[in-house]
Amino acid sequence: MASNSQNSVVLGYWNIRGLVNSIRLLLEHVGQKYEYQAVDGEKWFGGQKHSMGLPFPNLPYLIDGNTKLTQSRAILKYLARKHGLVATSEEEMQKQDMVDGVLLDIQNNWGRLVYASEDFEQEKQKFMKEKVDNFRGLDKWLSNQQYVTGNKLNFLDFALLEQLEGHAAAMPELLNQFPNLQKYRERMMNLKGVKEYLTSDRNPEDWNGPQAKWGAMKM
Ligand SMILES: N[C@@H](CCC(=O)N[C@@H](CS)C(=O)NCC(=O)O)C(=O)O
């Protein structure tokens with residue numbers, strides 16, 4: 001079956017924000033219908049994982065007709081191409097690739113902090129002193145453009161928004177020093193569908209898997 005934006009797609013993941021929420025934010029913004037499958041751990045590891053025809057079985061997964069994808073960035077980029085949210089000029093593509101790397105660095109630091117901290121409160125203070133260069137860079141980057149690749153919305157804006165939401169929830173003080181990021185967050189929040197989703201009961205309450213030191217899924 002051909003992919004079509006009118007057809008509903010299927011998105012599966014745990015019932016947490018984790019790696020899936022930037023994808024959901026994009027879907028909600030463009031108004032793409034989707035069925036969200038909150039996966040059950042016993043079923044997933046008990047057989048579902050290897051029964052779905054996924055070439056690299058993992059979570060999140062996306063099914064759109066014959067298209068079956070895993071890897072959160074691959075899913076986000078696929079949907080971005082489908083809905084025209086990718087860079088088109090060479091200059092935008094350079095910005096897109098660079099910001100993609102910056103956001104993955106932020107995601108890795110975040111993952112270490114929330115999953116591997118011995119003492120979360122202590123590590124958080126250290127994090128706010130030592131791990132903010134990329135936030136400082138983005139604050140400057142966004143001083144003269146509305147979105148991360150210029151003045152046209154890009155799929156990475158949903159990835160950045162979700163990261164800002166997580167950091168703001170875990171350490172509200174962090175964003176106080178970055179006025180452009182605060183304005184950007186407000187701008188993103190006011191995009192069609194975004195605030196509606198984030199304040200709806202579709203948006204999972206928990207941020208991370210059950211083993212996390214912050215925002216852990218309640219079992
Ligand atoms: N690089 C992958 C990482 C995927 C991943 O680690 N998924 C975790 C949740 S965040 C999981 O529980 N996967 C299910 C599994 O390992 O079977 C991505 O970006 O999608």
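The model is predicted: local features need pLDDT of at least 70 and side-chain atom pairs count only at pLDDT 80 or more, while totals for chains, interfaces and linings use all residues. Residues are numbered from 1 along each chain as its sequence is written, and side-chain values use heavy atoms, with hydrogens and water left out. Helices (H or I, at least four residues) and strands (E, at least two) are DSSP runs, numbered from the N terminus.

**The sheet**

- Four strands make up an open sheet with mixed pairing, in the order β2-β1-β3-β4; two strands pair if DSSP finds at least two bridges between them.
- β2 (34-38) and β4 are the edge strands, each pairing on one side only.
- On average, and with direction ignored, neighbouring strands of this sheet are turned by 15 degrees against each other; axes are lines fitted to C-alpha atoms, for helices over the stretch in contact, and angles run from 0 to 180 degrees between N-to-C directions.
- Strands of a sheet pair through backbone hydrogen bonds, in either a parallel or an antiparallel manner.

- Strand β1 (residues 9-13) runs antiparallel to β3 and is joined to β3 by three bridges, with Leu11 standing opposite Leu62 in β3.
- Four bridges pair β3 with strand β4 (residues 67-70) in the antiparallel sense, and Thr67 in β4 is the bridge partner of Asp64.
- The hairpin of β3 and β4 has two residues between the strands, and Gly65 there takes a positive phi near 60 degrees.

**Leu69 in strand β4**

- Leu69 lies in strand β4 and is partly exposed, with a relative accessible area of 22%.
- Apart from neighbours within four places in sequence, Leu69 is in contact with Leu54, Pro60, Tyr61, Leu62, Ala74, Ile75 and Tyr78; contact means heavy atoms within 4.5 Å.
- Between Leu69 and Val39 there are 30 residues of sequence separation and 16 Å in space, C-alpha to C-alpha.

- Gln71, in the loop between β4 and α3, has a positive phi of about 80 degrees although Gln71 is not a glycine.
- Ser72, Arg73, Ile75, Leu76, Tyr78, Leu79 and Ala80 are buried in α3, and the buried residues of α3 pack against β1, α1, β3, β4, α4 and α7.
- Gly84, which follows α3, has a positive phi near 70 degrees.

**Helix pair α1 and α7**

- Helix α1 (residues 21-30) packs with helix α7 (residues 155-170) at an angle of about 125 degrees, their axes being 8 Å apart.
- α1 and α7 are therefore oblique to each other; angles under 35 degrees count as roughly parallel, over 145 as roughly antiparallel, 65 to 115 as roughly perpendicular and the rest as oblique.
- Asn21, Ser22, Leu25, Leu26 and His29 in α1 meet Phe155, Phe158, Ala159, Leu161 and Glu162 in α7.
- The residues of this contact comprise six nonpolar, three polar and one charged; Ala, Val, Leu, Ile, Met, Phe, Trp, Tyr, Cys and Pro count as nonpolar, Asp, Glu, Lys and Arg as charged, and the others, Gly among them, as polar.

**Helix pair α4 and α5**

- Helix α4 (residues 90-116) and helix α5 (residues 120-130) have axes 9 Å apart and pack at an angle of about 155 degrees, which makes α4 roughly antiparallel to α5.
- Asn109, Trp110, Leu113 and Val114 of α4 make the contact with Phe120, Glu123, Lys124 and Phe127 of α5.
- Five nonpolar, one polar and two charged residues form the contact of α4 with α5.

Technical notes: Buried < 20%, exposed > 50% of the residue type's maximum accessible area, 1.4 Å probe, protein only.
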